[in-house]
Amino acid sequence: MTQFALPLQQAIYSRLTAASISATIYDDVPDLPAGMPLANFPYVAIGEDTFLPWSNDDTVGNNATIYLHVWSRYAGKKEVKTIMGEIDVALDRQSGALSATGYRFVDCLLEYASVRDTNDGETRHGILRYRVTIVKE
């Protein structure tokens, strides 16, 4: 698992920043206290990931899932859904656009998407989960 974790995260971050998503992309979201200015929104945070190893005699591979979290303070869900759509265009079935030295990305598929209101009543939270098949070259 560990040999695939950082290359996957780097590939996702690089692809999203290159794709001109209309939100800031974070690996580590800076401290955003309650009541923060609207100027800090929207943003995307690279979230949790899981790894399921698979290998054979000549291939070392992994099936990974990675979550992306979209945060918005737009009144309504339009902004979150727009950004989620931009992310999906950049990632879904775009494994050729993902790269990390020493690894080959075989597939990248959207597996789950959801938009939720948060408890504060003004923040919207979009969640995307992608399944990524990656092999060591």
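In which loop does Ser20 lie? Ser20 belongs to the loop between α1 (2–18) and β1.

This is a predicted model, in which local features need pLDDT of at least 70, side-chain atom pairs count only at pLDDT 80 or more, and totals for chains, interfaces and linings use all residues. Residues are numbered from 1 along each chain as its sequence is written, and side-chain values use heavy atoms, with hydrogens and water left out.

**Overall layout**

The protein has 2 helices and 5 strands, arranged along the sequence as α-β-β-β-α-β-β. Helices (H or I, at least four residues) and strands (E, at least two) are DSSP runs, numbered from the N terminus. Along the principal axes, the C-alpha atoms occupy a box of roughly 55 × 25 × 25 Å.

Of the 137 residues, 39% count as buried. Buried means under 20% relative accessible area, exposed over 50%, and partly exposed in between (1.4 Å probe, protein chains only). The protein exposes about 7300 Å², and carbon and sulfur atoms supply 49% of that area. Accessible areas come from the Shrake-Rupley method with a 1.4 Å probe; for residues, only the protein chains shown count as cover.

A contact means heavy atoms within 4.5 Å. Among contacts between residues at least 6 apart in sequence, 60% join residues at least 24 apart.

Strand β4 (residues 103–117) pairs with strand β5 (residues 124–136) in the antiparallel sense, over 13 bridges. Two strands pair if DSSP finds at least two bridges between them. Leu109 has Arg131 in β5 as its bridge partner. The two strands form a hairpin with 6 residues between them, and Gly121 in the turn has a positive phi of about 80°.

**Loop residues**

Positive phi values also occur in residues other than glycine, including Ser20 and Arg93. Arg93 is located in the loop between α2 (78–91) and β4. The table sets out these two residues.

| Residue | Phi | Relative accessible area |
|---|---|---|
| Ser20 | near 55° | 61%, exposed |
| Arg93 | near 60° | 60%, exposed |

Ser95 also lies in the loop between α2 and β4. Is Ser95 buried or exposed? Ser95 counts as buried, at 14% relative accessibility. Leaving aside neighbours within four places in sequence, Ser95 is in contact with Phe105, Val106, Asp107 and Cys108.

Pro42 is placed in the loop between β1 and β2 (43–55). The peptide bond joining Phe41 and Pro42 is cis, with omega about -10°.

**Tyr26 in strand β1**

Tyr26 is found in strand β1 (residues 24–26). With a relative accessible area of 23%, Tyr26 is partly exposed. Residues up to four places away in sequence not being counted, Tyr26 touches Tyr43, Val44, Ala45 and Ile46. The C-alpha atoms of Tyr26 and His69 are separated by 9.8 Å, while the two residues are 43 residues apart along the chain.
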